[in-house]
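Trainee: I have a structure to go through with you. Could we look at it together?
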Amino acid sequence: MKSYRVLFYALMGTLMVSCASNIVKEDISSSVKKDESSQHVKEWPKTIEPQLLNIRPGEVSLLVVPGTFNRAGSLKCGGKDYKFYLADNKLVSFISETYFSKEKPFSCFFFLKGEKAKVADIKTLSKKFPSERLKVDKKRVFLNKKDAARARKESKIRAKAYASSPDRPLFFEPFSHPIKSFVTSIYGSKRVFNKKKQTQHLGTDYRAAVGVPIKAANRGEIVISRNFFYTGNTIIIDHGLGIFTMYGHLSKLHVQEGEIVPMGSVIGLAGSTGRVTGPHLHWGVTVNGLAIEGDSLVEASKGLPR
Ligand SMILES: [Zn+2]
């Protein structure tokens, strides 16, 4: 067990050193059992056993498939491309399901040089979300022209930040919560603002007084650290593999865009900037373009091979 852990960290360390290390990564993992892996390559894709995985709307599940895969291949689930990495003769990926799920099963396939192998059958379980009513400053519900233009511009900046992510993980450990505190509004609650406008709350709100330190949920690159109309002082971290975490309504930003932050480092202080009813932390998690529940990422990442 211990040697696997050492190998995992050695592997991840190698990845961090060089961006062009995709091939290196594979060479390391396949050199573990040379004879066995060369057999696997010949027989591929027959040796791959499809995994059975459950997922809920608005959640992420960890996919780990034993077998010798090739970095040059691609992974598709339910017709969508997913980033993956190879560790210790396993393919690893985080599969997300939309909040607006139709709760239908889907499959994951690995494609390589015109060949295709099924790697997972995914069952979507059902999930119900509660409703809540909120009263906020009406200027932040029905926007005037200037604010609407600002919000539109910021939504483009956000979209650009989420548009690309490294094909490899920038993190070495499972994810953790950004603050240990009481949850005041769960992910997925249907919200009625000022009795009129309806949205879904696709993040988690934690009780947090102004000035409380907020920690990075994992290692990653700061891609946004600035003030936005809705989310106030906002930080977005790109963790690689298409995984992002977002921290909203902060009073202070302690990091700059482009910076790499270690897991658990204080990136800012809680506050009440943007569209809020009071001071709190809004924590948002995005995996492969879908806003999912942060708890499910914390849970799923506990199963990372190490
Ligand atoms: Zn929120």
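Trainee: To start with the contacts between residues at least 6 apart in sequence, what share of them joins residues at least 24 apart?
Mentor: That share is 68% of such contacts in the chain. Please keep in mind that this is a predicted model.

Trainee: And what does the secondary structure come to?
Mentor: The chain has five helices and 22 strands. Of its 306 residues, 36% are buried.

Trainee: In what order do the strands of the five-stranded open sheet run?
Mentor: The order is β1-β8-β7-β3-β4, and the pairing is mixed. At the edges are β1 (51–55) and β4 (80–82), each of which pairs on one side only. On average, neighbouring strands of this sheet are turned by 30° against each other, ignoring direction.

Trainee: Do β1 and β8 run parallel or antiparallel?
Mentor: They run parallel, and five bridges join β1 to β8, which spans residues 115–124. As one example, Leu 52 has Asp 121 in β8 as its bridge partner.

Trainee: Changing topic, which residues of helix α5 are buried?
Mentor: In α5, residues 294–301, the buried ones are Gly 294, Ser 296, Leu 297, Ala 300 and Ser 301. They lie on the same side of α5, because they cover an arc of only 160° around the axis.

Trainee: Why would residues a few places apart point the same way?
Mentor: An α-helix has 3.6 residues a turn, so residues three or four places apart point the same way.

Trainee: What covers the buried residues of α5?
Mentor: The covering elements include the strands β2 (60–66), β6 (90–96), β13 (204–207), β21 (280–287) and β22 (290–292).

Definitions and conventions: Residues are numbered from 1 along each chain as its sequence is written. This is a predicted model: local features need pLDDT of at least 70, side-chain atom pairs count only at pLDDT 80 or more; totals for chains, interfaces and linings use all residues. Helices (H or I, at least four residues) and strands (E, at least two) are DSSP runs, numbered from the N terminus. A residue is buried if 20 or more other C-beta atoms lie within 10 Å of its own, exposed if 12 or fewer, and partly exposed in between; C-beta atoms are placed from the backbone. Two residues are in contact if their C-beta atoms, placed from the backbone, lie within 7 Å. Two strands pair if DSSP finds at least two bridges between them. Axes are lines fitted to C-alpha atoms, for helices over the stretch in contact, and angles run from 0 to 180 degrees between N-to-C directions. The arc is that of the directions from the helix axis to the C-beta atoms.
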